[in-house]
Amino acid sequence: MNSDYELIIIGGGIAGLTAAIYGARAHLKTLILERQTCGGLANWAVEIENFPSHEKISGITLMERVKTQAEKLGAEIREIVEISAIQFNGQSKRIETDEGTFQAKAVIVATGREPIRLPLEVDSDHIHYCAICDGSVYRGRDVLVVGGGNSGTGDALYLLNQGVRTIILIEQMDRLLANQASQKALCAHPEVTILTSTEISGIAVKGKDHWVTLKNSRTGETQTIEAGGIFVYIGQAPQTGLFKGILEMDDQGYILGDETMETNVEGIFVAGDVRHKTYRQLTTAMNDGTIAALAAEAYLRSLRSDSTK
Ligand SMILES: Cc1cc2nc3c(=O)[nH]c(=O)nc-3n(C[C@H](O)[C@H](O)[C@H](O)COP(=O)(O)OP(=O)(O)OC[C@H]3O[C@@H](n4cnc5c(N)ncnc54)[C@H](O)[C@@H]3O)c2cc1C
């Protein structure tokens, strides 16, 4: 196996796949290393309505098309690959994985974000972070949704569509933070109860059932409810553990990049939700992926012209 590439992209979400399209079209030998299967968080979006050229498209369909496009253009994609170590000093960057060591002179980090886990020690297979992935088994059952932002309310509506019997949705703030359309649809639904200023104070697991104690932070009152499953949407954290101490980050762990997406390490670029920035959307991740790949290509060209001088 030849493990030498010109460009390696870590992460096969929309940012990484977009970078791969640009890398492959620039005739760079391009590899994507993806920990799971490609698509990233967009795979969780039931219906995307703000992607130019598609009035409505499911996240999975969109991402399959983008992946196919990157592959047809010549990018190599390796999925279910676990990176164990990286070495970014020197001109040749090394990435050690369970499938061997890969090398390239330019690397784009596009590892995105992951949901923040429920901060309670509970041993349960019924705590989930994505309704589109795990919701179908809760048909006819009662579920608890934690978090009243766009993700929580959106997935609550998805779960209702999947046929769950009832939903209790809790939000720690005194109001929901989701868009008005989702709030209106949820509030109007007879099988949905919304509890604001409410947090989980404990969970007891008995077989498939969960007895969840909820506490109202304003009144101090508690109540215990039964839930077949718990879907959690309390925010997301950048996937940057591998790069700590190597790439400069902000105080929340997002990687800093300049306007060409280059990080503090020469030849290492950053793209997508994992980058320190204000807005995190598909289109902004694609913007980052485009710029990072173009800048990586220019960087590789400059190395080649230096070596011929
Ligand atoms: C439910 C939901 C609905 C959304 N709806 C919309 C919408 O309608 N419109 C919109 O514009 N945006 C939407 N978003 C936001 C959008 O999905 C993200 O902004 C976008 O997916 C970010 O792309 P990304 O490539 O930066 O990161 P991600 O999509 O998170 O992809 C990162 C990839 O990197 C991989 N990875 C992580 N660590 C490693 C590692 N160590 N090694 C290898 N691979 C790794 C991950 O497995 C993942 O595949 C939604 C998000 C969610 C959760």
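Mentor: Start with Ser-53. At 70% relative accessibility, Ser-53 counts as exposed. Keep in mind that this is a predicted model.

Trainee: What makes Ser-53 count as exposed?

Mentor: The cut-off for exposed is over 50% relative accessible area. Ser-53 has 70%, so the label applies. Ser-53 lies in the loop between S2 and helix H2 (59-72).

Trainee: Which loop holds His-27, and what is its phi?

Mentor: His-27 sits in the loop between helix H1 (14-25) and strand S2 (30-33). Its phi is positive too, about 65 degrees, and His-27 is no glycine.

Trainee: Why is His-27 called exposed?

Mentor: Its relative accessible area is 70%. Exposed begins over 50%, so His-27 qualifies.

Trainee: Now Glu-76. Why is Glu-76 called partly exposed?

Mentor: Buried means under 20%, exposed over 50%, and partly exposed is in between. Glu-76 has 28%, so it falls in the middle class. Glu-76 belongs to strand S3 (residues 76-78).

Trainee: Which residues is Glu-76 in contact with, leaving aside neighbours within four places in sequence?

Mentor: Tyr-5, Thr-30, Leu-31 and Ile-32. The test is heavy atoms within 4.5 Å.

Trainee: What makes S10 and S11 a pair?

Mentor: Two strands pair with at least two bridges between them. S10 and S11 have five bridges, in the parallel sense. One example is Val-146, whose bridge partner in S11 is Ile-170.

Trainee: What makes S14 and S15 a pair?

Mentor: Apply the cut-off of at least two bridges again. Six bridges join S14 (residues 209-216) to S15, and the two run antiparallel. Trp-211 stands opposite Glu-226 in S15.

Trainee: Why are S13 and S15 called edge strands?

Mentor: The open sheet has the order S13-S14-S15, with antiparallel pairing. S13 (198-206) and S15 (222-227) each pair on one side only, and that makes them the edges. Neighbouring strands of this sheet are turned by 25 degrees against each other on average, direction ignored.

Trainee: How do you know that the buried residues of helix H5 are on the same side?

Mentor: The buried residues of H5 (residues 180-187) are Ser-182, Gln-183 and Leu-186. They cover an arc of only 100 degrees around the axis, which puts them on the same side of H5. What covers them includes helix H4 (150-161), strand S11 (166-170) and strand S12 (192-195).

Trainee: Which exposed residues does the face turned away from that side carry?

Mentor: Gln-180, Ala-181 and Lys-184.

Conventions: Residues are numbered from 1 along each chain as its sequence is written. This is a predicted model: local features need pLDDT of at least 70, side-chain atom pairs count only at pLDDT 80 or more; totals for chains, interfaces and linings use all residues. Side-chain values use heavy atoms; hydrogens and water are left out. Helices (H or I, at least four residues) and strands (E, at least two) are DSSP runs, numbered from the N terminus. Axes are lines fitted to C-alpha atoms, for helices over the stretch in contact, and angles run from 0 to 180 degrees between N-to-C directions. Buried means under 20% relative accessible area, exposed over 50%, partly exposed in between (1.4 Å probe, protein chains only). The arc is that of the directions from the helix axis to the C-beta atoms.
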